[in-house]
Amino acid sequence: MNPFTSGPARGLARAFWCLALLLIWELWVKLFHISPMLFPSVEDVAYTLWSDLAHGSLPAQTLSSLWLIALGLVMAAGLALILCLLSLRFPLFMSFADTLTAMAHPLPGLALLPLIIMWFGTGSRAVLAVIIHSALWPMILNLMAGFSSVPDVYTDTGRNLSMSPWAVTLEIRLPASMPYLLSGIKIGWARAWRALISAEMVFGAVGAKGGIGWYLLNQRTFMDTAGLFAGIILVVLIGIFVEDVLFSLIEARTLRQWGMK
């Protein structure tokens, strides 16, 4: 295993490369006298980000985006679980779910925006629809793969213990498929996070102050390039935090603790 792709070394390596990129960024701007309208300095971006977080509406907009994506992911995970359980119980429904996933999984959420606007308007329900569509299908694919990979000896043992089919599924198949489910949630999160920012930029303000996408749209409208970079950096930082910290904690409390990874 590469020591730079896991554990504390991974965090140190990322910090080193981030600092190196920031240094190159600052030197490039200073040495070549790049216009701040095209590429602001690191200090301008840092000041804008700090100012908007400390004195602006960016914290409320960030919380709004995080609340929407958390709600959308929970709803998508619930739907994926229901569809997969029904597919295991009814072979005909499995064929339907497989066909539906094959049709919808390659379809970008933004391609459905005209229909979503007609059906749900341009409020939070429309953004939730985009999030659910983006996260649902990878969750279904990974969960079904997890169910299929469960060794037959596990399910045979459950049947020998006179467990009902639903009990075998819920108490044996589902826990054994947890690594696949978590992998599907991680993929769904990544797709939904990108779709959320795009949808907020298209729909505009959702809620009282809008989300991060609305913040980015405002910076573009007022030609605030430093604000644009500040919003982009915030999106990246949240993505890294969720991937490297939140999901790592979940894995530590589930997969590693149960000896599944």
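Predicted model: local features only at pLDDT ≥ 70, side-chain atom pairs only at ≥ 80, totals over all residues.
The lining of the largest pocket divides into 14 nonpolar residues, no polar residue and one charged residue; here Ala, Val, Leu, Ile, Met, Phe, Trp, Tyr, Cys and Pro count as nonpolar, Asp, Glu, Lys and Arg as charged, and the others, Gly among them, as polar. Residues are numbered from 1 along each chain as its sequence is written, and side-chain values use heavy atoms, with hydrogens and water left out.

The largest pocket holds about 520 Å³ of space. A pocket is an open set of points on a 1 Å grid over the protein atoms alone, where a 1.4 Å probe fits, with protein on both sides within 12 Å along at least five of seven lines; lining residues have an atom within 4 Å of a point. Grid points are joined across faces, edges and corners, and the volume is the space filled by probe spheres set on the points. Of the 15 lining residues, Cys18, Leu22, Trp25, Ile233 and Leu237 are the closest to the centre of the pocket. Two or more lining residues come from each of α1 (7-32), α2 (42-55) and α11 (225-253), and α11 gives the most, with six residues.

The protein has eleven helices and zero strands; helices (H or I, at least four residues) and strands (E, at least two) are DSSP runs, numbered from the N terminus. The C-alpha atoms fill a box of roughly 75 × 50 × 30 Å, taken along the principal axes.

Helix α11 also packs with α9 (residues 178-203), at an angle of about 165° and with the axes 12 Å apart. Axes are lines fitted to C-alpha atoms, for helices over the stretch in contact, and angles run from 0 to 180 degrees between N-to-C directions. The two helices, α9 and α11, are therefore roughly antiparallel, a term for angles over 145 degrees, whereas under 35 is roughly parallel, 65 to 115 roughly perpendicular and the rest oblique. In the contact (heavy atoms within 4.5 Å), the residues of α9 include Trp189 and Trp193, and those of α11 include Val242 and Phe247. By class, this contact has eleven nonpolar, one polar and three charged residues.

Helix α3 (residues 58-89) and helix α8 (residues 165-176) pack at about 125°, with axes 11 Å apart. That angle makes α3 oblique to α8. Leu81, Leu85, Leu88 and Arg89 of α3 meet residues of α8 that include Trp166 and Arg173. Seven nonpolar, one polar and two charged residues make up the contact of α3 with α8.
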